[in-house]
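This briefing covers one protein model, taking the contact between its chains and then its sheets. Please keep the sequence and the structure in view while reading.

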Amino acid sequence: MQTKPSGRATNVSRRKFIIGSAAVAGGGLALGFNLPFGPAPAAAQSAIDGVPEVNAWVVIKPDDTCVIRVARAEMGQGTHTGLAQLVAEELECDWKKVAIEAVNPGSNLARKRIWGDMSTGGSRGIRTSQDYVRRGGAAARMMLLQAAANEWGVPAGDLTVADGIVSHKATGRTASYGSLAAAAAKLTPPDAKAIKLKNPREWKVAGKPMKRLDTADKVNGSKIYAIDFKLPGMVYASIKDCPVFGGKVTSFDDSKIKNRPGVRGVMRVGDTAVAVVADTWWRAKTALEVLPIVWDEGPNAKVTSATIAAHLKEGLTANDAFADTNNGDALKVIAGAAKKVEAVYSLPFVSHATMEPMNCTVRLTADKAEAWVPSQNAEASLATLSTASGLPLEKCEAYNHGLGGGFGRRGGTQDYVRQAVAIAKQLPAGTPVKLIWSREEDQAHDFFRPIAQCKLSAGIDANGALTGLHVRVSGQSINAYLSPAAIKDGKDVRQLQGYWKEPGDAQIGYSVPNLLIEYAMRNTHVPVGPWRGVNTNQNGIFLECFMDEVARAAGKDPLEFRRVMMQNHPKHLGVLNAAAEKANWGSPLPPGRFRGIAQFMGYASYSAAVAEVSVSPKGEVKVHRMVLATNCGHAVNPDQIAAQVEGGVAYGLSTFLSECSVDKGRIVELNFHNYRVLRLAAMPKVETVIVPTYDFWGGVGEPTICVGAPAVMNAIFAATGKPVRSLPLKNQGMTLV
Amino acid sequence: MVELNVNGTARRVDAEPDTPLLWVLRDSLNMTGTKFGCGIAQCGACSVHINGEVKRSCSIPLRTVKAADKVVTIEGISADSSHPVQKAWAAFDVPQCGYCQSGQIMAAIALLAKKPKPTDKDIDDAMTNICRCGTYQRIRAAVHAAAGGTAAGNGSVIHMQAAGESPAAGGVQLALDGNR
């Protein structure tokens, strides 16, 4: 219905880099990668302080410091520590001497992507790296042992190693890894595929609640985030993109601000934005605020939340939906059922609101482009730097700083990198410029969690069993905005995440004899993108809250009602049971307190939650306790899993407080005064139940977020007798306290 | 030039009088431990102490800060991260992304200066800074620990049960889902 601005994702793989599932470690050359330029330098040339690497993953210094390289981004989710644990486990080094070094994307490309995919999203950081990083650690161990064997003239098989000390029992000789590393670096690496990895049940470093390796500089202010990074002679930019998505800059009157102190330039950025460059960011920001800008807002300026809601509502009954699951004859069975339940749910746009706003520092010269960024996908940052600057990849480098929050905002899109390059191009060559978005700009130009509505209908038989279920989602598609090629034959299955019939990733956990699941794509002019948990958030709420409505209509306990339908889904059932048991489901509660339960699957992990809630007569909702269970297959660091579970609760419950509404084509809530997010006082006590089955690898950062919200909504339903069918809670006359 | 006392040192800065203290600290004095989050005193990422009171420096214009006022930033809390609050934060692995934690630590220190043994309600009322990673549970535990409370664990409650180790893990020991 509206004009859509371009919002294409950038990533290196679109340039025909192939991501092999076995991005072979071991210092050897990975196979199957297309090189964009030149031959790779010899592996051992890359070094720290002149110390040759044992292989791509491991550098051991003479003092036995063990530097483990990581390619995935760290945005708080603990992936760096977890990946280091996996390497260290196989390496058998001394964990107390482990340090982390982040890999630059230019180095990765120059070495045929020896570190594999750098993009960090979809809760993939550990689960899709674990095999090759463990092989990397094991290969380094084997080379270090072989170096000792060569030195001592004994078979490597006679050696043992613990905490980085190699021993030969028969002769009593020992040597530390640090003393062997230089010799090990010269050896031919073993065949990575032939390496036998440890049984995870025998792990000593991985699988344990090790402390994070990246905490020290976060408690004294010394960590340099991208927003903190400085270069000599650097100038600062503040930017304003047309507040109406799809609008353009008509003109601006720079005479009004160019004599303000420190202002160095006023410029167009693409067709849609204006930037002011000054010697400090405050001067740039305040000058931009008083710059007269005339916008061509275009037809989207008429769009409001109400027009978008009507657009989605039409999709609930339209004829253009596609059915991803159609078992039996759900519509007929529901129509003829002894009892029928029907409900329409609605969830709004929400923003990421990372604490560190979007920012990027760029320095361009005739033959070099550099960017200092917070990025979930440093290779996408590099690719954007290259395309925006016009310089080939080998003349570009992106330096990824630890992110002040990511949550899906800083992945493939890289809009802030593109803007920073466009600004730098308009400055004298070699002038470093740091672009920082104001919070208002950050709220106005996010890639929002898609807006969605869902109509659900159920038929119950005389025994209270669910005989037919119809789920019709109508809402905006992330793929339509960011990755149209991912939509096959107009069928965007991604929007039905969590309802898929295929096992292994985001499978529905219920067997319903007559089941119809449909999606009607209803796009808007508002940019959308992945938001921690992505579509499992909305789909988890739709299905799991409706399940409680149906259970109540059937006169059944919500847990028992679900269990009956989950017998063919033992892993889904397993976490549901684990959560119910630890939460003492069914036991008496203090007066006024009620429980709610939910289960769902996403990112190859199984999640369930129980919430304990009270609701005051004034509609104040207090969440007292939450128990969340996860089966993520392998638990690499239980303490960090708990941190992610707790964080997911906070992030998910924030959507009970606010939405991003649309008026005159633009976002209304532009800062934390009206885009309210969860603060400490409203944080429930969270217990994490980890039940790994060791037969698959699932994600951690996102999966549990999708069960927290519906468990709380179901507890509110239990408390009030009224289902919560939309968020934020103010729609129900309630608030979270 | 304006005179300031930051972390016990007299500093002179050249900035407009309406410049927020936050940007003076970050850009004029190169002290980037104090963070920009919202610019309207809502999120608390920019929290500093002025004469012992926690203040949101993004909304403190330079002209309102007197030369005699004692401004303390995260960089001035200790030379070696040895302040009890910093130690509790590190011991409990409170930070995730870490961006808001300078401000959280400043808020916690100011709270403990007023209430050496804060209750949960005191912590609710005083610790209003936003953390989007959601580290609140550990922040609460770390404040109690820094106050000298005895803490078991780090605020997180974890029930770890691998399949095959305890029947209490429930149904997870059932047959595979057919997917692996």
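Axes are lines fitted to C-alpha atoms, for helices over the stretch in contact, and angles run from 0 to 180 degrees between N-to-C directions. On that basis, helix α5 of chain A (residues 281-289) runs at about 30° to β9(A). The model is a predicted one.

**Contact between chain A and chain B**

- The contact involves 89 residues of chain A and 69 residues of chain B.
- The size of an interface is often given as the accessible area lost when the parts come together.
- Here chain B and chain A bury about 6,600 Å² between them, and carbon and sulfur atoms account for 54% of this area.
- Five salt bridges are found across the interface of chain B and chain A.
- In one salt bridge the side chain of Lys35(B) meets that of Asp228(A), with an N to O distance of 2.4 Å.
- Between chain B and chain A, 35 residue pairs are in polar contact, both residues being at pLDDT 80 or more.
- On the side of chain B that touches chain A, the elements giving two or more residues are α1 (21-28), α2 (84-91), α3 (101-114), α4 (120-126), α5 (136-146) and β6 (157-160) of chain B.
- Of these, α5(B) gives the most, with five residues.
- By class, this side of chain B has 33 nonpolar, 22 polar and 14 charged residues.

**Strand pairing between the chains**

- Strands of a sheet pair through backbone hydrogen bonds, either parallel or antiparallel.
- Strand β28 of chain A (residues 685-690) and β6(B) run parallel and are joined by four bridges.
- Met160(B), in β6(B), stands opposite Ile690(A).

**Three-stranded sheet of chain A**

- An open sheet with mixed pairing has the order β3-β4-β5 in chain A.
- Its edge strands are β3 (58-60) and β5 (98-102) of chain A.
- Neighbouring strands of this sheet are turned by 25° against each other on average, direction ignored.
- β3(A) runs antiparallel to strand β4 of chain A (residues 66-70), with three bridges between them.
- Val58(A) has Ile68(A) in β4(A) as its bridge partner.

**Seven-stranded sheet of chain A**

- A second open sheet, also in chain A, has mixed pairing and the order β11-β12-β9-β19-β16-β17-β18.
- β11 (263-269) and β18 (396-401) of chain A each have a single partner strand, so one side of each is left without a neighbour in the sheet.
- The twist averages 20° from one strand to the next.
- Six bridges link β11(A) to strand β12 of chain A (residues 273-278), and the two run antiparallel.
- Ala278(A) in β12(A) stands opposite Val263(A).
- Helix α5 of chain A lies across β9 (235-241), β11, β12 and β19 (433-436) of chain A.

Definitions and conventions. Residues numbered from 1 in each chain as written. Chains lettered and ligands numbered in written order. Predicted model: local features only at pLDDT ≥ 70, side-chain atom pairs only at ≥ 80, totals over all residues. Heavy atoms only, no water. Contact = heavy atoms within 4.5 Å. Buried area = accessible area lost by both parts, 1.4 Å probe. Salt bridge = Lys/Arg side-chain N within 4 Å of Asp/Glu carboxyl O. Polar contact = N/O pair within 3.5 Å; in protein donor to acceptor, adjacent residues only side chain to side chain. Nonpolar A, V, L, I, M, F, W, Y, C, P; charged D, E, K, R; others polar. Pairing = 2+ DSSP bridges.
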